[in-house]
Amino acid sequence: PNDNLARELKKVGAAPDLILLDLCRSARGRLGRDWISNARKAVDAMRAAFPDTGILAVTDDPWSCDAARFEVLGTRQPNGVTKMRPAPSRVLYGDESGILGDGSAAPMQWVGGTSVVADGFTGNLEGTVARLRALGKLLADRGNPTASDSLREIITKVRRSACLPGSLAEFSAFLEREHADSAAADTMTGYRIDGNLSLLHDPRQGAFQVSAKDMSTAESDALSLIRASEKATPMASLLEASLTPIIRSSSRTVVVLRNELIADFTADRLSQKFDKLEGRIEADMVRFTTRQGLADLAGVAPSYRSQFKRAFIVAPTRQSILEILSQPWLPDEVLFLADSDTLRFAARDARRLAS
């Protein structure tokens, strides 16, 4: 985003036949949080340098596709109308990351996923996230990206805490028992908002000058959610209620967590809650794993993987929900457990994906 693209484009000799604009997840990460604005600037520079060259943008999920169509490649309609005219688009499905191919791939065959259900929680989390998000946008619009980024980090940490399959106290104790104290402290930093709040209180940032009352309310709500997560989390209760009926089931179950550390913590905590769970884990009747582990399970012999009748997807991100729904193989029953904010956005994306 910091490159002088217009100057670099002048060094190009003949106009290219086609410009490929990569807007997939890794590329958006390189462009930063303001990837839409940075991509739009790049498109404007390319259109100015090569007005007759077509631009093909490639995305990998429905919401970034919409952003590319309207905000990156869209054009304003004539006669003073401000509404954007979206660029034409097409949706293709592929389970490989390559853009170009020889067109000989066999049609995709999907197996399983006959029942897909979502169960979530809301409470104070949704309102708090909405207030923090609105304040973050206001600060960004007023030219204070540092304070805006700090509010985004608070949103991430508040949601991460509420979606932890156990209390923060239990997670901290597990880390101290299984890992070095320094590693435990580093991990818990991802759940603490004190540093972010200190930045917002810094008079040089001016965050509270935007709306002191609204900022104070949002800060108080965020702290209350973190303190409540010290004792218990909504996700922990939701997961326990969901797992209870399958503890004695004769079929196998896979529980998908965000990473290996959270998977190990969840298995350890729930084994203390349910007497028979540890034995079922050892017998591979209940498997705690990650999204990659679910993908690996799809590659085993069909006779074995078919014994896994259900999957619990715990606290997925909006992106990972789509990635899981598009897998060629899934157990017959899939249950997504997440906060209502994530489920609402993912449901909209899933409708696009399904169409």
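Predicted model: local features only at pLDDT ≥ 70, side-chain atom pairs only at ≥ 80, totals over all residues.

Residues are numbered from 1 along each chain as its sequence is written, and side-chain values use heavy atoms, with hydrogens and water left out.

Q: How do helix 3 and helix 4 lie to each other: roughly parallel, roughly antiparallel, roughly perpendicular or oblique?
A: Helices here are DSSP runs of H or I with at least four residues, and strands are E runs of at least two, numbered from the N terminus. Helix 3 (residues 35–49) and helix 4 (residues 62–72) pack at about 45°, axes 10 Å apart, with axes fitted to C-alpha atoms, for helices over the stretch in contact, and angles running from 0 to 180 degrees between N-to-C directions. Under 35 degrees counts as roughly parallel, over 145 as roughly antiparallel, 65 to 115 as roughly perpendicular and the rest as oblique. The two helices are therefore oblique.

Q: Which aromatic pair involves Trp 35, and what is its geometry?
A: Rings of Phe, Tyr and Trp (its six-membered ring) pair if their centres lie within 6.5 Å; planes under 30 degrees apart are stacked, over 60 edge-to-face and the rest tilted. Trp 35 lies in helix 3 and Trp 63 in helix 4, so the pair ties together parts 28 residues apart in sequence. With 6.2 Å centre to centre and 65° between the planes, Trp 35 and Trp 63 are edge-to-face.

Q: How does helix 7 run against helix 8, roughly parallel or roughly antiparallel?
A: Helix 7 (residues 168–178) and helix 8 (residues 181–189) pack at about 150°, with axes 8 Å apart. That makes the two roughly antiparallel.

Q: Which strands are the edge strands of the open sheet?
A: Five strands line up in the order 5-9-8-6-7 with parallel pairing, where two strands pair if DSSP finds at least two bridges between them. Each edge strand pairs on one side only, and they are strand 5 (115–121) and strand 7 (286–290).

Q: How many bridges link strand 6 and strand 8?
A: Arg 252 stands opposite Phe 308 in strand 8. Strand 6 (residues 252–257) and strand 8 (residues 308–314) pair in the parallel sense, and the bridges number five.
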